Amino acid sequence: MTRSVGPPLPVGHTVAMKVVVIHQSRTGNTRRAAEFIGGAAEVAGATVTVRPATNLDYKELAEADLVFVGTWVDGLILLGHRPGDLGKVKQIPKLWDKRVAVFMTHAVNPGQAANKLAAVLEADGADVVAARSLNRRHLAVEAPAFATEVLASVGAFA
Ligand SMILES: Cc1cc2nc3c(=O)[nH]c(=O)nc-3n(C[C@H](O)[C@H](O)[C@H](O)COP(=O)(O)O)c2cc1C
């Protein structure tokens, strides 16, 4: 009799990539998105830590191959969209030449908030590989899909 020893590895399993997922969240949506992203990266074989922007480990960050940075969309729904709590996000150490994927969460209309955060991080030297806002009602689907796309785009899948 053959015994099952757990689910098979996903196709294109990654090798030893270190991923840090940073979130700035007020009501928990962006934290949840971060956890979904981290979960998907872990399933893909990466070593992952998920941290609030206020509790970073600088050594871990320095050693990361890929960093996800996320916050919420602040705006007037129809206009004025911007990254929420940008002051706190700016306290993350400069991610010089790090591959960075920006994510945000929003309710109905994110405008260009994700691209604005990407521009801020790029101005500080980050190599931004993706920027997307995720609908807070569809995080369980949109967040892992984003993570998988980003991992593929940086060549994480063998
Ligand atoms: C002051 C304020 C402004 C917001 N502006 C927008 C907006 O312009 N567009 C939008 O889609 N959602 C907007 N939202 C909703 C948040 O972006 C959304 O609920 C987000 O998921 C919150 O993330 P968090 O739970 O991590 O704090 C706003 C929320 C607040 C509190």
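Helices (H or I, at least four residues) and strands (E, at least two) are DSSP runs, numbered from the N terminus. The model is predicted: local features need pLDDT of at least 70, side-chain atom pairs count only at pLDDT 80 or more, and totals for chains, interfaces and linings use all residues. Residue numbers start from 1 along each chain as its sequence is written.

**Overall architecture**

- The chain contains five helices and six strands, arranged along the sequence as β-α-β-α-β-β-α-β-α-β-α.
- Of its 158 residues, 39% count as buried; a residue is buried if 20 or more other C-beta atoms lie within 10 Å of its own, exposed if 12 or fewer, and partly exposed in between, with C-beta atoms placed from the backbone.
- Among contacts between residues at least 6 apart in sequence, 74% join residues at least 24 apart, where a contact requires C-beta atoms, placed from the backbone, to lie within 7 Å.

- Leaving aside residues up to four places away in sequence, Val-102 touches Val-69, Ala-114, Leu-117, Ala-118, Leu-121, Val-128, Ala-130 and Ala-131.
- In soluble globular proteins, nonpolar side chains tend to be buried together.

**Strand E1 and its partners**

- E1 is largely enclosed by the rest of the structure, because five of its six residues are buried.
- E1 and strand E2 (residues 47-52) run parallel and are joined by six bridges; strands pair if DSSP finds at least two bridges between them.
- The chain passes from E1 through H1 to E2 in a right-handed β-α-β crossover, meaning that, with the strands pointing away from the viewer, the path from the first strand over the helix to the second runs clockwise.
- His-23 is positioned opposite Pro-52 in E2.
- E1 also pairs with E3 in the parallel sense, over five bridges, and Val-20 stands opposite Val-67 in E3.

**Ligand shell**

- The ligand is surrounded by 20 residues, of which Ser-25, Asn-29, Thr-30, Trp-72 and Gly-75 are the closest; a residue is near a molecule if its C-beta atom, placed from the backbone, lies within 6 Å of it.
- Helix H1 (29-43), strand E3 (66-74) and E5 are the elements that give two or more residues to this shell, and E3 gives the most, with three residues.
- The shell divides into seven nonpolar, 10 polar and three charged residues; Ala, Val, Leu, Ile, Met, Phe, Trp, Tyr, Cys and Pro count as nonpolar, Asp, Glu, Lys and Arg as charged, and the others, Gly among them, as polar.

**Loop residues**

- Most residues other than glycine have a negative phi.
- Asp-85, in the loop between strand E4 (82-83) and helix H3 (86-89), has a positive phi near 50 degrees and is partly exposed, with 16 other C-beta atoms within 10 Å.
- Asp-97, in the loop between H3 and strand E5 (99-106), has a positive phi of about 60 degrees and counts as exposed because it has 9 C-beta neighbours inside 10 Å.
- Leu-76 lies in the loop between E3 and E4 and is exposed, with 9 other C-beta atoms within 10 Å.
- The C-alpha atoms of Leu-76 and Pro-110 are separated by 9.9 Å, the two residues being 34 residues apart along the chain.

Methods:
Contact = placed C-beta atoms within 7 Å.
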